[in-house]
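Hi everyone, thanks for making time for this one.

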Amino acid sequence: MPDSITRLPDRQPILRVMPMPADVNPQGDVFGGWIMAQVDVAGAIPAMQRARGRVTTVAVNSFLFKQPVSVGDVVSFFAEVVDTGRTSIKVRVEVYAERHPAQPIIVKVTEAVLTYVAINQHGAKRELQNNQ
């Protein structure tokens with residue numbers, strides 16, 4: 001496989017999950033929408049930490065599927081804040097699959113950039129605190 005690597009990034013994943021048979025399309029690959037939903041969850045975690053509260057997804061700036069994901073892959077999501085605005089938080093998410101436990105390989109399967117906005121208890125935008 002062209003994008004195989006030897007190890008995961010040297011930091012803790014935000015999320016790890018194994019897709020199940022209900023998550024696949026008729027060809028046996030995990031639905032792109034399932035992966036997108038997991039990416040949104042993973043991206044929201046550092047965004048909420050930075051916002052110190054609620055956030056909502058306002059944009060998927062980029063999303064690239066590099067390889068399919070299969071049932072049995074252990075999928076790791078690594079997310080980090082890459083930019084902030086007055087109310088917005090941009091997060092990069094990288095997704096890796098660990099495959100074939102007998103002869104393990106790790107491949108980068110997806111990368112995405114999403115933008116979240118900090119919101120208050122009524123769902124209205126609110127400014128980020130400056131001390132982070």
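This is a predicted model: local features need pLDDT of at least 70, side-chain atom pairs count only at pLDDT 80 or more; totals for chains, interfaces and linings use all residues.

Where does Asp23 sit, then? You'll find Asp23 in the loop between β2, residues 15-17, and α1. And what is Asp23 in contact with, once neighbours within four places in sequence are left aside? The answer is Asp29, Val30, Phe31 and Trp34.

Now for the salt bridges that do form. The count comes to seven, and I'd like to show you a few of them.

One of them brings together the side chains of Arg16 and Glu98, at 2.1 Å from N to O. Arg16 belongs to strand β2 and Glu98 to strand β5, so this pair ties together parts that are 82 residues apart in sequence. Arg16 is partly exposed, with 45% relative accessibility. Glu98 also counts as partly exposed, at 23% relative accessible area.

Next, please look at Glu80 and Arg92, whose side chains meet in a salt bridge at 3.8 Å, N to O. Here strand β4 holds Glu80 and strand β5 holds Arg92, so the tie spans 12 residues in sequence. Glu80 is partly exposed at 35% relative accessibility, and Arg92 is partly exposed too, with a relative accessible area of 36%.

Then there is Lys108 with Glu94, where the closest N and O atoms are 3.0 Å apart. Lys108 is in strand β6 and Glu94 in strand β5, 14 residues apart. Are these two buried or exposed? Both Lys108 and Glu94 are buried.

For the overall charge picture, the protein has 14 positive and 12 negative side chains. The centres of those two sets lie 9 Å apart.

Let's turn to the nonpolar side. The largest nonpolar core has 27 residues, and the members touching the most others are Val39, Phe77, Ile89, Val91, Val93, Val95 and Tyr116. Which elements give two or more residues to this core? They are α1 (32-51), β4 (74-84), β5 (88-99) and β6 (105-118). The largest share, seven residues, comes from α1.

Beyond its neighbours within four places in sequence, Val39 is in contact with Phe63, Phe77, Val93, Val95, Ala112, Leu114 and Tyr116.

Finally, let me step back to the whole chain. The protein has one helix and six strands, and along the sequence they run β-β-α-β-β-β-β. The C-alpha atoms fill a box of roughly 50 × 30 × 20 Å along the principal axes. Of the 132 residues, 39% count as buried. The accessible surface comes to about 7400 Å², and 52% of that belongs to carbon and sulfur atoms. If we take contacts between residues at least 6 apart in sequence, 69% of them join residues at least 24 apart.

That's my tour, and I'm happy to go back to any of these spots with you.

Methods
Residues are numbered from 1 along each chain as its sequence is written. Side-chain values use heavy atoms; hydrogens and water are left out. A nonpolar core is a set of buried Ala, Val, Leu, Ile, Met, Phe, Trp, Tyr and Cys residues joined through side-chain atoms within 4.5 Å. Buried means under 20% relative accessible area, exposed over 50%, partly exposed in between (1.4 Å probe, protein chains only). Helices (H or I, at least four residues) and strands (E, at least two) are DSSP runs, numbered from the N terminus. Contact means heavy atoms within 4.5 Å. Accessible areas come from the Shrake-Rupley method with a 1.4 Å probe; for residues, only the protein chains shown count as cover. Lys and Arg count as positive and Asp and Glu as negative; His and the chain ends are not counted. The place of a charge is taken as NZ of Lys, CZ of Arg, CG of Asp or CD of Glu. A salt bridge is a side-chain nitrogen of Lys or Arg within 4 Å of a carboxyl oxygen of Asp or Glu.
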